Amino acid sequence: MQLDEHLFRRESARMVAALTRIFGVHNLSLAEDVVQDAFCRALEVWKVRGVPDNPSAWLMATAKNRALDVIRRERTATTFAPELSRMFDSEWTLAPVVDEAFASEVIRDEQLRMMFSCCDPRLKEEVQIALVLNILCGFGAQEIAAAFLAGRAAVEKRIARGKQSLATSQRLFDLTDDDVADRLPVVQRALYLLFNEGYHSASADTVVRTEMCREAIRLTELLAADARTGTPATCALAALMCLHAARLPARITGAGELSALSDQDRSTWDASLIAHGLALLDRSARGADVSVYHLEAAIAAAHVQAPSVEGTDWHTVVELYDRLLALAPSPVVALNRAVAVAQRDGEDSGIAELEAIGDAERLAAYPFYRAAFAELELRRGRTAEAREHFEAAMRLARNAAERRFFQKRLGCCGSA
Amino acid sequence: MSDYIYLFRTTPDARRAAMGSPELAQQSMQRWLAWLRDLETKGHVKDRGQPLENEGKLVRGSKKVITDGPFPEVKDLVAGFMIVQARDIAQAAELAKGCPILEGDGAVEVRPVMQMNF
């Protein structure tokens, strides 16, 4: 019997949520030990007795039983979750309380609380993201390091730093009592950055990156589904993730090759994910709030609803970029806007916009900045200039796929 | 065909590395299941063995001292066992090469079960 891909990782996140509820967040490492123990038992037992019909249920039941063992053994010596500790003293109440912690809706609630706790503004963003990936998504330090092109030791330090902070907080963020409106933007930003890492990362590990995008979407949808956190901005964030993710299969081919927007086979775009994203975009239109996520989602929607690059509503796209730039100026946004202007007004305008980008030094190491110049020069028929820019882009390429992509484009410049 | 017992030996570090993250644990699980499936279809599995708990006791010597074990400092833990059928010990050892425990610092000890041919 074949196991669902990533079954263990998904179940580990759910088990950690249930166990943290029982043991208390100060005992997070105990929760993690119980989870690892469940996997060890699964390996030993399934080898002999075969994979059970319902592997998830088996894992959850095992974690539950281990939790009961731990509590019975340790209840005099250790304090578990403060809200529940009275219930642990009697056998009558112990089992039902542990059972309840493993219910789906309770796990979802715990995950929301954990998300808010991990996204503590006192922690650096990279620490928040590492925590979310480790605790809520079940990724190990090595996997996170590979996706972020960071060192494993550095990621382990980030996770340790984050868990230290969690341990001192006594209890998880409370969505009823604590200030949700205050913390929500921090959570949204962390999930946005997480999605971006998966989508834009220069790491060659496409499997982990695609999984990161999926996880970012899952967590954002969890946020969107709860009335306390499902604000228009949250819905817009979920929309933008779905609309980008829908195009991932075309952006990176099966062979791991990057593909330019004009070359992408739009029939490989995920139609149901697009429909889902557009529905979320609709939901996000309630109320007067127009966040950065609204604008990015609207831009993605314009692309996704177009039959082709030429058929795209570039006027609207440029307007949206104008508003985005006003709300959250950044050289990369300016770059993307310049490319849109080139589509609307022609290559000369595009080049002028590229040259006019303020603090373009921040783009000096970004290969797609030079590539943008290259594409426009190529369209102007200035192949020598185009070649120079593509060569520069190749030198700045951050991985083999990018290098090969620019090499291919270089090939379109004809011979020297 | 004769019977041989496989004693799977590993170190606590190697086991921790193999189970290091849920993804790694699942990959480890899938490798074991694939290897076992392969042995079974070729008719080599006599007894899949039994799953063992990690804790245990050690009773040793004429003084019959009982201690807790296996200890974390023990280099070589018996992690499990299984009984296979093979032509000879060379084949039994050859078949053991596919065991995932070897990826880390593990080993498969192959011992013939005595044949009682009277």
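User: When is a residue buried, and what percentage of chain A do buried residues make up?

Analyst: A residue is buried if 20 or more other C-beta atoms, placed from the backbone, lie within 10 Å of its own. In chain A, 42% of the 416 residues are buried. This is a predicted model, in which local features need pLDDT of at least 70 and side-chain atom pairs count only at pLDDT 80 or more, while totals for chains, interfaces and linings use all residues. Residues are numbered from 1 along each chain as its sequence is written, and chains are lettered from A in the order in which they are written.

User: How many helices and strands are there in chain A?

Analyst: Helices (H or I, at least four residues) and strands (E, at least two) are DSSP runs, numbered from the N terminus. Chain A has 21 helices and 0 strands.

User: Which domains is chain A divided into?

Analyst: Domain bounds come from an automatic or database domain assignment. Here they give domain 1 (1-102) and domain 2 (108-246 + 268-279) of chain A. Taken over C-alpha atoms, the centres of these two domains are 23 Å apart.

User: How many residues of each domain are in contact?

Analyst: Two residues are in contact if their C-beta atoms, placed from the backbone, lie within 7 Å. In chain A, 14 residues of domain 1 are in contact with 16 residues of domain 2. Helix α1 (residues 7-23) of chain A gives the most to the domain 1 side, with 9 residues.

User: How many residues of chain B and chain A does their contact take?

Analyst: It takes 19 residues from chain B and 20 residues from chain A. On the chain B side, helix α2 (residues 22-41) of chain B gives the most, with 10 residues.

Methods:
Buried ≥ 20, exposed ≤ 12 C-beta atoms within 10 Å, placed from the backbone.
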